[in-house]
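I opened this entry to look at a helix, a strand residue and the nonpolar packing. My notes follow the structure.

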Amino acid sequence: MADGLKRVEDIMGWTPQETIEKFHEWWKEERPEEFEEFEGDLSKISDDEHSEYLVDGFEVTYRRRNAGSGSGTKYVGVIIGNNGRTDLMGRQREKAIEQLKYQGIDYVLKNGIQPYSDDRVVPIGRGAYHEGAWRVWDAQDSEVHFDADTPETDIPPWAISVPGEKYCIALLGGPRGPKPAYSYKQEWLCIVASEADFKAKGFGSPIILECSFDAAHVDLRLNEPISFQAEEDVSWFDKTTPILKANNISPAYGLGWLPEDMREAAGEIFDPAQILVQFGNFVPDLGDVHDYHDDNKTQLNSGRFVGPTFTIRGTVDYMDHAGREDKIYGLSAEGGGQHRMSVFSQAIRREDASAAIYLSVSRRLIEDFHAFQVKRDEEWLDYTAGTQVFAVIKTRTWENNTTGEQMLDADVLNIYAIPNRSRIAAAVPDDTNDLGSLGGFRSD
């Protein structure tokens with residue numbers, strides 16, 4: 001029975017606790033009277049065959065859901081980096097609220113907003129729930145949108161709340177009414193191939209998987225065998241760069257798509273360290289990082305240079321667990337906080353005993369993708385300085401205002417701690433702060 005639950009856990013990418021909760025939801029929905037009779041507790045069913053029957057039904061249900069979702073070609077491989085989630089409407093929302101604050105609703109309705117550096121104007125409407133429906137009016141007070149289906153207690157997807165006001169505003173110009181107020185795009189860096197290509201010739205270079213709509217809200221697991229469906233496309237920024245795109249995605253984890261006699265050999269190929277070294281643009285010598293950045297940086301239309309994405313390996317020297325929440329931006333600001341980390345190698349410390357490569361790690365990468373943890377025996381454990389890690393990084397430079405020197409920084413897309421080269425943080429006993437043993441003694 002446990003095997004069936006573990007298979008669903010692997011297919012759907014859930015934690016063990018999430019799998020149990022999903023099983024209970026399924027059981028309660030499929031057989032509500034039975035669920036109530038046994039109080040949602042499988043151990044209270046004396047018939048083992050019936051328990052197995054329930055788990056089998058749960059497994060079949062989610063296998064079917066998984067197989068039927070997504071469109072395009074099936075790809076297999078490993079996700080080696082979180083390349084960031086972009087709020088596509090953020091600039092328009094923020095500009096609308098800012099202009100409303102300083103110039104008032106009448107001005108904004110009449111003139112719209114210009115959230116970009118060009119001449120594009122986004123028209124603005126005023127919205128409210130009125131006479132049994134959500135409505136939007138333009139500058140002439142003409143009704144341009146009507147929605148009687150959304151209850152008054154729900155917020156329509158186009159509504160942007162205005163602090164201190166009963167009305168809301170909307171970004172006009174959508175194909176079927178106001179634009180959605182929130183729209184996200186999530187990018188992943190992956191090493192994948194179609195199932196047929198993998199069996200014939202293995203993996204190629206890293207490629208971006210761009211997830212939109214529902215797929216933008218699915219967190220994929222890093223450093224594990226994965227399969228999913230996606231379609232081939234090209235980058236919006238560079239039409240010569242191929243990417244993969246998915247609007248809905250339901251990943252499966254593990255090597256279950258391979259014949260059983262091939263899985264053991266494939267397990268070595270899918271080892272994260274092996275994947276990163278062979279296919280992750282690995283730079284083995286930390287002393288070459290600056291040169292690799294200079295040799296592979298690209299210039300944007302704005303004139304600014306951005307560095308390449310590549311993999312390094314080093315020993316952790318410093319980890320900032322507290323992080324900072326002010327003056328942060330870019331990929332390493334995801335999750336509302338930025339954490340610093342440094343890694344070194346013996347090679348770069350032969351000439352400078354304090355030499356290190358400094359990395360910027362997002363709070364999201366730490367909290368959602370275990371950047372400061374190592375997985376041992378299916379358990380995530382905190383590691384400390386002295387642990388050897390692989391880091392997938394995107395470099396950038398900035399000018400030191402004091403010296404004028406060009407400084408190198410690196411945003412982290414992924415950290416993989418090598419299990420047998422990790423130093424595990426000491427567990428803190430639950431009663432560390434328990435003063436009961438002081439026998440009522442007080443120092444004050």
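These are my notes on a predicted model.

**Helix α5**

I started with α5, which covers residues 90-111. I compared its span with that of a straight helix of 22 residues. Where is the kink in α5 centred? I found it at Gly104, with an angle of about 120°.

Next I checked burial along α5. Gly90, Gln92, Arg93, Ala96, Gln99, Leu100, Ile105, Val108 and Leu109 are buried. I then looked up what covers them. The cover includes β1 (73-87), β2 (124-130), β3 (133-137), β5 (160-161) and β6 (168-171). Gly112 follows α5 and has a positive phi, near 70°.

**Ser227**

I moved to Ser227, in strand β9 (residues 225-234). Is Ser227 buried or exposed? It counts as buried, because its relative accessibility is 7%, below the 20% cut-off. Beyond its neighbours within four places in sequence, Ser227 contacts Lys74, Tyr75, Val76, Ser250, Pro251, Ala252 and Trp257.

**Nonpolar cores**

Last, I looked at the cores. The largest nonpolar core has 47 residues. Leu209, Phe228, Ile312, Leu359 and Tyr383 touch the most other members. I listed the contacts of Phe228, leaving out residues up to four places away in sequence. They are Thr73, Lys74, Tyr75, Ile79, Val192, Leu209, Leu244, Ile249 and Pro251. Another core, of 26 residues, lies apart from the largest one. Its members include Phe198, Trp257, Ala273 and Ile418.

Conventions. Residues numbered from 1 in each chain as written. Predicted model: local features only at pLDDT ≥ 70, side-chain atom pairs only at ≥ 80, totals over all residues. Heavy atoms only, no water. Core = buried A, V, L, I, M, F, W, Y, C linked by side-chain atoms within 4.5 Å. Buried < 20%, exposed > 50% of the residue type's maximum accessible area, 1.4 Å probe, protein only. Contact = heavy atoms within 4.5 Å. Helix = DSSP H or I, 4+ residues; strand = E, 2+ residues; numbered from the N terminus. Expected span 1.5 Å × (residues − 1). Bend = angle between axes of the 7 residues up to and from the residue.
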